[in-house]
Amino acid sequence: MFKLNLKIAWRNLFKNKVYAAINIGGLAIGLTAFVLLILFVNHETSYDKWSPDLKNIYQLREYHDYSTPDNQPHWMQVNDSRMAALVRDKIPQFKYVTRIDQDWGDGFSVKLANADPAIVDHFRDTDSLFFKVFPYQFLQGDRFTAINKPNTIVLKQSLAVKLFGTVKVLNKTIKLLMWRDDPGTLMTITGVVADVNMPESVKFNAIIHTGNIDKDPEQINNFRHCEIYASASGKIDITQVNRTLHKIYVDYKKASFVKRKITYADYYKNGKKPGLKIIPLQKVYATPSFDVSWVDRIKPIVAISIFLLLVSVINFVNLATAQSVQRAKEVGVKKVLGAYKKQLVTQFLLESALQTLAALFICIILVEVLLPVFSNHFDVKLSFWRSEQLLNISFQLLGLFVLITFMAGFYPAWILSKYNPVKVLKGNYESGFKGIAMRNGLVVLQFIIAVTLIIGIGVMYQQTNFVANKDLGFNRDKLVNISTYYRDGDLIGERIKKITGVKYVATTTQLMGNTFNVPSEITYNNQEHSVNTVTVTMDALPALGVQVLSGRIFSLEYKKDTVNTAVLNETAAKLLGKNLVGKQFKEGENSFQIVGVIKDYNNEGFDKAVLPTVYRVTHLGGMASTNNLLVRFDSDNYKPALMAVEAEWKKIYPDFPMIYTSVEDAFQKSMEATHKQMQIIVLFSVISVVLSLLGLFALSTFMAKRRTKEIAIRKILGASNLEIINMLNRSFLILVILANLISWPIAFIITKKWLGGFAYRIDMPFWPFAIATITSVIIAVFTVSLQARKAAVNNPVDALKYE
């Protein structure tokens with residue numbers, strides 16, 4: 001019986017090649033999008049699972065506002081280094097606690113013998129307990145003693161091979177420069193660890209132990225911020241440990257405030273609160289401190305992938321039920337010959353399974369072809385056949401195959417197997433109102449998805465265009481940021497200033513691509529205000545090309561500008577009041593005179609609002625630089641001048657290559673995530689619309705065939721071709737308009753939520769809604785009209801001989 005059903009299934013596929021191709025092709029495209037999504041989700045959920053011992057490792061998080069993008073407190077991954085000793089001494093469940101310095105800057109300079117220096121990133125300075133917490137496999141050296149001594153280094157396998165061509169590098173030395181003026185430190189290689197085959201949240205190419213991170217700052221008012229990880233000797237109750245941690249943290253803070261001569265109540269006000277907790281290592285990547293998590297990032301892609309698969313399944317169901325006219329007599333004859341309903345359902349499910357299997361085969365080929373582009377788009381390394389999770393993926397595909405087979409095949413099988421053989425053999429095999437209603441409902445659902453996606457594309461395009469052309473408040477052209485610290489009078493700065501084509505040399509702690517926010521409390525008119533403080537050199541604001549709204553910006557003509565003057569941005573000026581130029585405010589014991597107000601400028605993308613900011617040419621309460629050496633050129637063709645800058649750099653710092661980026665590139669990078677999201681939404685949306693139209697094309701063909709006799713009779717009675725085309729179009733047009741009416745509120749809610757992620761956004765536009773409706777109606781009418789015309793121009797005599 002199975003063999004017979006298989007033969008019938010094959011014959012039906014070849015008999016209806018066009019519709020089988022639409023079914024299989026549509027399913028293949030929908031499955032491809034879904035499988036790519038599965039691969040990405042598997043990758044993102046596989047973080048920190050490369051060893052079973054990682055289940056007992058936890059990250060410490062402190063609730064504070066140090067170096068946060070909005071100057072508001074968050075559960076931060078970087079904490080006061082003193083917390084490591086606090087956890088080690090007070091929580092006996094933890095066996096080892098290690099401190100890891102932040103992944104600062106753009107990398108360290110590595111110098112090997114007579115080779116040219118090379119910048120290598122992800123060098124992490126840790127204490128001697130790092131490898132006692134993290135169970136890396138050592139190819140060379142000993143895990144427990146490798147970094148016991150200062151000035152030792154353990155390389156990842158890939159870096160060892162890149163630098164030396166082999167992993168046998170034990171006891172060799174490399175010269176490491178951490179910044180441009182660093183004379184360099186000879187590091188002894190004491191180990192090589194194997195590259196892990198799964199992603200990890202603690203990224204490193206090399207672990208160094210300088211000894212600097214072993215001790216906490218002696219002064220209570222000084223801080224070293226680092227990441228802290230602890231390994232437990234067994235399973236622990238996280239809730240109970242976090243309660244204990246919070247209590248000992250509050251006690252510690254109260255004691256430290258006494259030494260710092262501040263009160264607990266004064267420090268924790270305006271919504272601030274103390275907090276210290278642990279989270280499992282395997283949840284670190286999924287719960288970033290303040291960035292959007294990968295789950296939130298791919299929600300639109302998940303939704304579109306599901307919609308795409310759903311559209312493919314709807315096509316399948318519609319085409320299968322539409323073909324019921326052709327299959328009705330087959331079912332009637334089989335029932336007369338004794339076939340049971342169960343056998344018929346099995347037969348039609350087998351046909352669905354064959355088509356799904358063919359679609360899955362094509363899908364796997366498409367996945368292999370598209371995977372490099374998809375991986376590059378999301379900046380991940382994905383693999384199908386060489387994946388560590390291939391077995392898991394295979395089971396997921398098997399489950400997907402079964403699900404799609406039943407989703408696409410069960411309803412048509414159930415409808416076809418219900419036919420009454422007596423009525424069918426008499427020629428009465430209409431599917432009835434329920435079948436028609438079902439197909440119409442599915443067509444409406446298809447177009448709801450398609451129209452919603454078209455509206456989404458329109459809104460995203462307008463928002464992206466708005467952001468790309470928005471006035472940033474400064475001039476990003478001809479502006480290059482060299483990754484190094486800078487103060488007025490530095491040798492490199494003085495040399496650069498003398499180069500032809502260089503207009504300004506400056507630094508600031510607030511620049512797109514590398515911003516360091518410093519929260520502060522100022523007092524103006526006896527009222528306290530929370531602001532962001534930015535330290536600049538004298539030429540920084542002119543170099544940025546900021547727009548002055550009132551007063552002036554810093555100038556060498558005024559010596560006091562380096563001591564006690566300040567410039568406010570527009571948001572800070574609105575916070576304090578009107579007519580601020582010439583007024584004074586206090587920060588602690590220091591007084592500052594406001595000399596000017598500048599227009600807000602965006603320095604962290606458009607998803608964050610500009611903070612109320614105070615600019616000063618002083619080191620009081622601020623920082624001199626965060627690796628921003630700004631060079632403004634006076635010509636669009638600044639490459640020769642930039643090459644001259646590089647040449648001067650190489651003369652002064654031969655062992656540390658110059659690292660730089662243009663501010664324009666930094667801006668484009670800040671827009672990259674939005675652009676990539678829009679690209680994939682546009683791609684999937686176009687595919688979804690095309691699949692919907694293919695389904696409509698096939699369905700209209702079957703509708704025209706089913707009404708062949710009706711059309712012939714109408715023509716004999718005098719109906720024109722145009723009237724017949726209008727008649728066939730009317731039913732589909734009503735469905736498309738209904739789909740538009742339903743999709744409008746859905747699209748409005750979705751796009752409104754998406755726009756809410758931007759601090760600067762457009763008002764909800766009307767034209768994407770109008771264009772989506774007009775486009776869907778025109779395309780639907782055109783598609784149906786093609787088939788309607790074929791039916792209308794046929795000879796009615798031939799039609800009346802139909803069957």
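Let's start with burial: a residue is called buried under 20% relative accessible area, exposed over 50%, and partly exposed in between (1.4 Å probe, protein chains only). This is a predicted model, where local features need pLDDT of at least 70 and side-chain atom pairs count only at pLDDT 80 or more, while totals for chains, interfaces and linings use all residues. Residues are numbered from 1 along each chain as its sequence is written, and side-chain values use heavy atoms, with hydrogens and water left out.

Take Val-402 first. Val-402 counts as partly exposed because its relative accessibility is 38%, and you'll find Val-402 in helix H11 (residues 390-417); helices here are DSSP runs of H or I, at least four residues, and strands are runs of E, at least two, numbered from the N terminus.

Now for the charges. A salt bridge puts a side-chain nitrogen of Lys or Arg within 4 Å of a carboxyl oxygen of Asp or Glu, and the count comes to 17 salt bridges. One of them joins Arg-99 and Asp-127, at 3.5 Å from N to O. That pair links distant parts of the chain, 28 residues apart: Arg-99 is in strand S4 (residues 94-101), and Asp-127 is in the loop between strand S7 (123-125) and helix H4 (130-133).

For another setting, look at helix H17 (residues 639-652), where Lys-651 and Glu-648 are three residues apart and so separated by about one helical turn. Their closest N and O atoms are 3.7 Å apart in a salt bridge. Lys-651 counts as exposed because its relative accessibility is 61%, whereas Glu-648, at 16%, is buried.
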